[in-house]
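Here is a short briefing on one protein chain. Look at the strands and the charged side chains as you read.

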Amino acid sequence: NTNVPAGTYTLTLKNVEVRGADGDGLFANLGSMAAANFVVELRDVVATGAKAGSGVDIRVDTAGELDATLKNVVATENGFWGFNFDDATAGSSSYDVSESLFEGNGVRGLGIDTDSGDGDLSVVLREVTASHN
C-alpha cells in the first residue's frame, strides 16, 4: 500500500509462489497523488487465492503511468478473479502479457479494468489462457 511522491517505482517478482489462506494470493495497492510512474513485472509466478480473494489483484491509482509485463504467470482462485488489474492512471498504461494462465471461479479469469485519463492504452496478449467457472 503506497502513496509515494513523483518518480518511478518498480514492483518485480520472479520465481515466486504465493498462496492466500483466506484472501488474495498476491495483493498490491500502488497509489500516488503525484505523477508517479509504476513498473510492474511478474515472471515465473504462481499465485493462488482463497475464498473471496484473487490469485493476483493489483490496483494502481496515480497521476503518472503504468507499464506492466507478465510472463509465465499462473493465477487461480476459488471464488473471485484469477488475475485482476484495477488501473486508474491519469497517464498511459501498457500491458504485455505472455505465456500465462488465469483461472477464476465465480468472476473472471483475467480482468483489466482501466479508467485511464488522457493517456494511451496498449494491451498485448500472447499465448494466454483465461477462463472462469
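Predicted model: local features only at pLDDT ≥ 70, side-chain atom pairs only at ≥ 80, totals over all residues.

Residues are numbered from 1 along each chain as its sequence is written, and side-chain values use heavy atoms, with hydrogens and water left out.

**The five-strand sheet**

- Five strands form an open sheet in the order E1-E3-E5-E7-E9, with parallel pairing. Strands (E, at least two residues) are DSSP runs, numbered from the N terminus. Two strands pair if DSSP finds at least two bridges between them.
- Strand E1 (7-19) and strand E9 (121-132) are at the edges, and each has a single partner strand, so one side of each lacks a neighbour in the sheet.
- On average, neighbouring strands of this sheet are turned by 5 degrees against each other, direction ignored. For such angles, axes are lines fitted to C-alpha atoms, and angles run from 0 to 180 degrees between N-to-C directions.
- Strand E5 (residues 66-76) pairs with strand E7 (residues 93-104) in the parallel sense, over nine bridges. Val74 has Leu101 as its bridge partner in E7.
- As background, strands of a sheet pair through backbone hydrogen bonds, either parallel or antiparallel.

**The four-strand sheet**

- An open sheet of four strands runs in the order E2-E4-E6-E8, and its pairing is parallel. E2 and strand E8 (110-114) are the edge strands, and each pairs on one side only.
- Here too, neighbouring strands are turned by 5 degrees against each other on average, direction ignored.
- Strand E4 (residues 56-62) and E6 run parallel and are joined by seven bridges. Val60 has Asp87 as its bridge partner in E6.

**Salt bridges**

- The structure holds five salt bridges. A salt bridge is a side-chain nitrogen of Lys or Arg within 4 Å of a carboxyl oxygen of Asp or Glu.
- One of them links Glu17 and Arg19, with the closest N and O atoms 2.8 Å apart. Arg19 counts as exposed because its relative accessibility is 59%. The classes are buried (under 20% relative accessible area), exposed (over 50%) and partly exposed (in between), using a 1.4 Å probe and protein chains only.
- Arg43 and Glu41 form another, with the closest N and O atoms at 2.4 Å. Arg43 is partly exposed, at 26% relative accessible area. Glu41 is buried, at 19%.
- Asp57 forms a salt bridge with Arg59, and their closest N and O atoms are 2.8 Å apart. Asp57 is buried, with 3% relative accessibility. Arg59 is partly exposed, with 32%.

**Phe27**

- Phe27 lies in strand E2 (residues 26-31). Its relative accessibility is 42%, so Phe27 counts as partly exposed.
- Which residues does Phe27 touch, leaving aside its neighbours within four places in sequence? Phe27 is in contact with Asp57 and Arg59. Contact means heavy atoms within 4.5 Å.
- Ser54 is 27 residues from Phe27 along the chain, and their C-alpha atoms are 8.1 Å apart.

**Asp87**

- Asp87 sits in strand E6 (residues 83-89).
- Asp87 is buried but has no salt bridge. The nearest side chain of opposite charge is Arg59, 12 Å away. Lys and Arg count as positive and Asp and Glu as negative, while His and the chain ends are not counted.
- The side chains of Asp87 and Thr114 are joined by a polar contact of 3.3 Å. A polar contact is a pair of N or O atoms within 3.5 Å; within protein, one must be able to donate a hydrogen and the other to accept it, and residues adjacent in sequence count only if both atoms are side-chain atoms.
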